[in-house]
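Hi everyone, thanks for coming along. I'd like to walk you through a few local features in one model, so let's bring it up on the screen.

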Amino acid sequence: MGGNGVPSRLPQLRLDELLEELQARIDDVRGTRDRVHGLLEAVLSVGRELDLTQVLRRIVEAAGVLSDARYAALGVIGPDGHTLSQFLTVGLSEDEISDIGPYPSGKGLLGELIRRPELLRLTDLSAHPASYGCPAHHPEMRTFLGVPVRVREEVFGNLYLTDKRGGQEFDADDEALISALAVAAGVAIDNARLYEEAQRQQRWLRASAEITRSLLSGAPRQEVLALIAERAREITGAELADLTVPAGTGELRVELAVGGDSAGRLGLTVPMDGTLSGGAFAAGSPVTTGDLAGDPRYAAGPRRSDGLSRFAGLGPAVAVPLGTATGKVQGVLLLARPAGRLPFGTEEIGALLGFADQAALALELAERRRDAEQLAIFEDRDRIGRDLHDLAIQRLFATGMTLQGAARLIEQPGASERVVRAVQDLDETIKIIRSTIFGLRARDGEDRGLRARAARTVAEARTTLGFAPRLSMEGLLDTDVPPAVADQVMAVMAEALSNAARHARATRVEVTLQAVGGEVVLSVADDGIGLAPDGHRSGLRNLGERADQLGGTFTLDTPAGGGTRLHWSAPLTRS
């Protein structure tokens with residue numbers, strides 16, 4: 001490496017070939033010494049740049065000056081080899097460019113040089129058979145000079161020059177000058193590409209080391225995934241990065257969103273069919289597009305209840321699957337750039353695949369860590385359950401038996417009744433403890449009781465909320481709440497937590513579930529921004545209808561301290 005961080009071999013790249021080619025081109029120039037001097041200055045100006053975007057800009061500017069053209073442009077050929085992926089112009093103002101509309105894609109006369117990469121000089125470009133004419137608001141152009149730019153014998157793009165000043169035509173000297181500039185441009189572009197690739201590899205290595213440290217330090221799953229998505233977005237210059245995971249048959253869910261409208265995308269469901277992420281998940285390999293917002297193959301996009309697409313204004317995108325050692329795809333990392341930017345190249349995708357392996361490792365380690373934590377929790381629950389059953393229940397039962405025997409010896413009716421009520425309270429307490437023990441011993445997938453289902457739903461909400469909601473339960477939820485009512489309760493709880501994640505911007509959510517006084521009561525409170533006066537009400541109507549069907553109640557209000565509080569109840573038995 002050189003002292004400025006540039007690989008030392010870059011300045012000598014093809015130096016001999018470049019000098020020989022330039023000498024040959026300069027010998028062809030029959031013009032003045034000033035034009036040759038201008039060519040040498042242009043070559044030096046282009047060659048000293050290492051940023052690819054600046055190199056391309058300097059090439060266009062130098063071509064316009066050397067040929068004395070009113071308008072100059074450089075079209076970069078896309079990966080498909082048939083269309084232009086980038087178009088840089090000189091001579092048109094921003095207003096003129098805006099009035100003309102989208103940049104050309106490589107049809108007509110511009111496409112002629114793509115199909116036949118050879119020097120083309122015309123006295124009247126409109127007379128050429130491939131000319132389609134100019135779009136509305138486009139300035140009239142007559143003379144034309146097109147020269148291909150090659151990088152390592154591969155056509156990188158084409159220089160387009162029109163309207164030589166003074167009404168003159170482009171001549172042989174112009175051809176020789178621009179051809180010489182194109183040779184120097186090819187070397188400069190190659191150097192800039194190599195420099196850019198070296199810099200990008202360094203950034204990938206630094207990011208990989210950072211993620212490895214996070215994994216080894218035991219950082220939370222969401223924190224590691226957020227780091228992976230953010231670094232991938234930064235290094236690739238993407239506008240947004242979304243991590244989607246399976247969410248039932250035929251769908252993916254946006255578990256992590258970075259950049260753009262991240263809050264609006266978080267928690268959205270993504271269909272497998274008709275989406276870039278779904279295509280990568282099904283194929284198990286990267287999938288790309290040059291226009292994410294307009295590609296007809298991926299018209300479905302992420303959706304929510306209003307069905308609006310979140311990809312407006314986005315162009316090149318790539319979806320990379322996150323696979324495991326066994327070949328199972330755990331999720332998909334989607335990266336998208338703004339419209340008009342360069343598409344994702346093969347080298348970029350190769351680096352992303354290595355990065356995606358680290359993301360998959362993070363998912364797998366987090367899953368193993370969660371399994372170990374759950375196992376420890378279950379073992380602790382079993383111990384607590386045994387202690388409650390063997391100690392607390394037996395002591396309460398013995399106390400109740402003692403009180404029952406003592407009640408027969410009490411002559412005062414009022415005192416006897418109070419003792420009997422105490423015995424009944426002890427029986428009810430024993431039932432509650434037994435229900436609690438049953439809930440403690442429940443495993444995911446082994447129990448369909450309301451307590452276990454509520455605990456799972458609240459735990460899953462942590463992904464979309466970004467923090468763990470607080471849950472408290474009371475009463476005989478597993479034994480007294482009928483299955484039909486329990487299903488409605490879970491639907492209301494899931495909708496309430498989803499609304500809190502998407503709209504509330506809350507930092508705290510509390511969920512309370514009770515089976516007391518002959519009814520089941522669900523309360524969900526948050527400290528968010530409260531109710532939006534123009535917010536969507538269809539989901540709230542559904543919650544009210546669920547309560548009405550069961551003869552219950554539903555209210556949603558904003559407490560004095562702020563936030564939102566949902567109260568939903570239904571009788572345990574219909575009258």
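Let me start with a question for you: is Asp68 buried, partly exposed or exposed? At 35% relative accessibility, Asp68 counts as partly exposed; here buried means under 20% relative accessible area, exposed means over 50%, and partly exposed is in between, with a 1.4 Å probe and protein chains only.

Before going on, a word on the ground rules. This is a predicted model, where local features need pLDDT of at least 70 and side-chain atom pairs count only at pLDDT 80 or more, while totals for chains, interfaces and linings use all residues. Residues are numbered from 1 along each chain as its sequence is written, and side-chain values use heavy atoms, with hydrogens and water left out.

Back to Asp68. Its place is the loop between helix H3 (52–67) and strand E1 (69–77); helices (H or I, at least four residues) and strands (E, at least two) are DSSP runs, numbered from the N terminus. The backbone is worth a look too: phi of Asp68 is near 60°, a positive value in a residue other than glycine.

Asp163 also has a positive phi, near 55°, and again this is a residue other than glycine. Asp163 lies in strand E5, and with a relative accessible area of 15% it is buried.

Now to the rings. Searching the whole structure turns up two aromatic pairs; rings of Phe, Tyr and Trp (its six-membered ring) pair if their centres lie within 6.5 Å, and planes under 30 degrees apart count as stacked, over 60 as edge-to-face and the rest as tilted. Phe144 and Tyr160 form a tilted pair, 6.3 Å centre to centre with 35° between the planes. This pair links distant parts of the chain, as Phe144 is in strand E4 (residues 144–151) and Tyr160 in strand E5 (residues 154–164), 16 residues apart. Phe144 is buried at 2% relative accessibility, and Tyr160 is buried at 4%. Together with Phe87, they make up one aromatic cluster.

Another ring has a charge over it: Arg337 lies over the face of Phe344, 4.0 Å from the ring centre. The criterion is NZ of Lys or CZ of Arg within 6 Å of the ring centre and within 35 degrees of the ring normal.

Last stop: which residues does Gln488 touch, not counting those up to four places away in sequence? They are Arg546, Gln549, Leu550 and Trp568, with contact meaning heavy atoms within 4.5 Å. Gln488 lies in helix H14 (residues 483–504) and is buried, at 14% relative accessible area.
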